[in-house]
Amino acid sequence: MSSTTKPDRRGSGRTFFGQPFELSTPFAVELWERFSFYGMQGIVLLYMYYSLSRGGLGIDQGVANGIMGAYGGAVYLFTILGAWIADRLVGADRTLFGSAVVVMLGHIALALLPGVGGIGVGLVLIALGSGGLKATATTIVGSLYSRDDPRRDAGFSLYYLGVNLGAFAGPLLTGLLQSTLGFHYGFGLAAVGMAAGLVQYAIRRRNLPDAVQHVTNPLPRSRRPLAVVVAVVGLVVVAMAVLTGVLNVATLPVAVVAVVVVATIAYFVVILSSGLSADERSRVFAFIPLFIGSAVFWSLYQQQFTVVTVYADQRLDRDLFGFSMPVSWVQSINPIMIIVLSGVFAAIWTRLGDRQPSTPTKFGLGTGIMGVAFLLFLPFVGTGQNGTPLLALVGILLVFTVAELLLSPTGQSVATKLAPPKFQTQMVALFFLSVSLGTAMTGVLSRYYDPRHEAPYFTVLGLVAVAVGVVLLVLARPVLRLMRGIR
């Protein structure tokens, strides 16, 4: 049966833990993609700033933090490109598959290419591929539910469980390989994980809803040459910036932040000026304060891969009954908590139904609680080299997790609910732009972290996030009115 006549299986009786059965397909592919992504991310910062004698590249620690933040921001910035390709050229299904191939090639480059060149090629390819994969996978999940299906938020929470199963296992195994055999073996395992995800998706993709294989807003043939010209000009501008020294490792984090801010403003303007109905326009305006809260949240949360990694290396007592735990294993603490608690949150939202907190309230709570998590580092200031108990960091990361479960799956869900029909995937990309902005900001902020003088750092950032969370809670009712019947 051809893809144009294949029925939508959303209404079939077969289920996946009470959700549409085909949720299992993006669940599994994201599990493997996150295995590779977080497995690599758990060791790549160490690879950059460890000395040559320890198998690293000897890059300055502050510069390495900046590169990680810029790379993370680029991952989510490239969701724009992935979403545009899906909506205008080839559809969500083909975009996801092609993006997964690019991710795998990036991990292979890290595993096989030595030195700074391997880092550059590998991180660029992974950022490009992950951007396309993230936006389209979320859209595919959203396509399995009607707009008013009460299972929707619970379904996104279950999907989030798959993400974190991979995020839990990846750093454990790549970290073990890195500490016993070397960094490049860890990167190689990440490539194997992405290959497993590709095989699974290739087998199951034909059973997805018909809509994800169609181009929702095709680009007219007459405008395709213009798109090619824009792409070429963009590449030339980047190349010239690098060759003239305007764009370098020192300016990269600020450059990514600037690009994301410009892209965000442009995206909102384009969507709002595209002939929307009054309700559609109101819902897009409602997304603006949610976007800001999300960006603040992610600017703290994503420091797990910069500041918290350095903290685990230099400030954390990692002794486990005489065994020195690999630094990257700290990255598996949050995912295991997500695995345990995501089902709890999904059950709570399902049980409460229409009585659950509104989306703006969840955003306010998530942002404020994230600020509290940073303030919880303060009692351990001054404990010295590797002086913070492991249990203390576990408790702090538990607070990270509660904040994340309030905001992240809810944010992906509300993006699909508030999206005008012809901007479905691109509205998801707009949510990921908030993640991009926050993550890029970690590259700017993390350079100010000093393990010897950390109290001002944790105090200022924690209080700012708490204040933003309180403002969002105050604005919850007005924002809910703008959402025009969507909670």
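In this predicted model, the aromatic rings that lie close enough to be paired, with centres within 6.5 Å, make up 22 aromatic pairs. A pair of aromatic rings is described by the distance of the centres and the angle of the planes, and two examples show how these values are read.

In one of these pairs, the ring centres of tyrosine 38 and phenylalanine 305 are 5.4 Å apart and the ring planes stand at 35°, so the pair is tilted. Tyrosine 38 belongs to helix 1, whereas phenylalanine 305 sits in the loop between helix 10 (278-301) and helix 11 (307-314), so this pair ties together parts that are 267 residues apart in sequence. A residue counts as buried if its relative accessible area is under 20%; tyrosine 38 is therefore buried, because its value is 14%, and phenylalanine 305 is buried as well, with a relative accessible area of 8%.

The second example joins tyrosine 449 and tyrosine 457, whose ring centres are 5.6 Å apart and whose planes make an angle of 65°, an arrangement that is edge-to-face. Tyrosine 449 is buried, with a relative accessibility of 7%, and tyrosine 457 is buried too, at 9%. Both tyrosines also belong to one aromatic cluster, which includes Phe297, Trp298, Tyr301, Tyr311, Phe374, Phe377, Phe400 and Phe458.

Two packed helices are described by the angle between their axes and the distance between the axes. For helix 13 (residues 359-375) and helix 14 (residues 390-418), the axes come within 8 Å and cross at roughly 155°; because angles over 145 degrees count as roughly antiparallel, the two helices are roughly antiparallel to each other. The crossing of helix 13 with helix 14 is left-handed, and by class their contact has 14 nonpolar, five polar and one charged residues.

Helix 1, which holds tyrosine 38, takes part in another packing. Helix 1 (residues 24-49) and helix 2 (residues 61-77) pack at an angle of about 155°, and their axes are 8 Å apart, which means that helix 1 is roughly antiparallel to helix 2. Here the crossing is right-handed. Among the residues in contact are Arg34, Phe37 and Met40 of helix 1, together with Ala64, Ile67 and Tyr71 of helix 2, and by class this contact has 12 nonpolar, three polar and one charged residues.

Key. Residues numbered from 1 in each chain as written. Predicted model: local features only at pLDDT ≥ 70, side-chain atom pairs only at ≥ 80, totals over all residues. Heavy atoms only, no water. Axes fitted to C-alpha atoms, helices over the stretch in contact; angles between N-to-C directions. Helix = DSSP H or I, 4+ residues; strand = E, 2+ residues; numbered from the N terminus. Parallel < 35°, antiparallel > 145°, perpendicular 65-115°, else oblique. Left-handed = near helix turned anticlockwise from the far one by under 90°. Contact = heavy atoms within 4.5 Å. Nonpolar A, V, L, I, M, F, W, Y, C, P; charged D, E, K, R; others polar. Phe/Tyr/Trp six-rings, centres within 6.5 Å; stacked < 30°, edge-to-face > 60°. Buried < 20%, exposed > 50% of the residue type's maximum accessible area, 1.4 Å probe, protein only.
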